[in-house]
Amino acid sequence: MPSEKLIQLFYNSHLVSLSTASEIANQFYPKSFIRNQFFLTEGQVSDEYFFLETGCMRSFANNLEGNEVTTGFYQAGDVVFEVSSFFNRTRSKENIQVLTDCTGWCITYNDLNTLFHTLPEFREFGRAVLVKGFAGLKSRMLSMITAT
């Protein structure tokens with residue numbers, strides 16, 4: 001049985017009905033991680049879209065000197081995946097590490113695409129998630145240029 005939080009995530013977007021939100025959530029499966037485990041490692045193709053219900057994760061890449069550079073943090077309520085690797089089916093240049101024990105709900109790339117193609121409401125939800133992510137990235141990039 002899917003999490004009520006997952007159903008609410010879809011429903012509260014105001015892009016899907018409650019029945020569609022439940023239908024979507026039923027396609028996700030529970031998954032948990034323990035502290036210091038990796039959700040994704042550099043070189044893997046990101047194949048899971050993960051709704052983080054509890055816990056905290058971070059994404060990072062290694063710079064040319066081999067130092068870890070944190071690229072993002074994820075907390076309860078966030079969707080965790082490496083967007084470029086996931087949608088382009090390419091090897092990830094980032095790692096996603098579990099900072100605290102985590103639980104959540106997962107769906108594979110193939111199952112997610114099946115939902116996109118069969119449920120127009122979910123396609124709109126996915127588009128809204130990507131737009132929000134892109135806007136956040138653009139804002140972060142501009143603040144690196146304009147802020148002290």
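**Cavity and pocket in a predicted model**

User: How many cavities of 30 Å³ or more does a search of the whole structure find?

Analyst: This is a predicted model. The search covers the whole structure, with a cut-off of 30 Å³ or more. The number of cavities found is 1.

User: How much space lies in the largest cavity?

Analyst: The residues that line the largest cavity include Y49, F81 and F87. L112, F116, G126, V129 and L130 also line this cavity. The space inside is about 40 Å³.

User: Which helix gives the most to the lining of the largest cavity?

Analyst: α4 (109-118) and α5 (120-146) each supply at least two lining residues. One of them gives the most, with 3 residues. That helix is α5.

User: How do the residues of the lining of the largest cavity divide into nonpolar, polar and charged?

Analyst: G126 is among the lining residues. Gly counts as polar, and Phe, Leu, Val and Tyr count as nonpolar. The division is 7 nonpolar, 1 polar and no charged.

User: Now the pocket. How much space lies in the largest pocket?

Analyst: The largest pocket is lined by 23 residues. Y74, V79, K132, G133 and F134 lie nearest its centre. The space in this pocket is about 980 Å³.

User: Which element supplies the largest share of the lining of the largest pocket?

Analyst: β5 (68-75) and α5 each supply at least two residues of this lining. The largest share is 10 residues. It comes from α5.

User: How many residues of the lining of the largest pocket are charged?

Analyst: K132 is one of the residues nearest the pocket centre, and Lys counts as charged. The lining also holds 12 nonpolar and 6 polar residues. The charged residues number 5.

Conventions
Residues are numbered from 1 along each chain as its sequence is written. This is a predicted model: local features need pLDDT of at least 70, side-chain atom pairs count only at pLDDT 80 or more; totals for chains, interfaces and linings use all residues. Side-chain values use heavy atoms; hydrogens and water are left out. On a 1 Å grid over the protein atoms alone, a cavity is a set of points where a 1.4 Å probe fits but cannot get out, and a pocket is an open set with protein on both sides within 12 Å along at least five of seven lines; lining residues have an atom within 4 Å of a point. Grid points are joined across faces, edges and corners, and a volume is the space filled by probe spheres set on the points. Helices (H or I, at least four residues) and strands (E, at least two) are DSSP runs, numbered from the N terminus.
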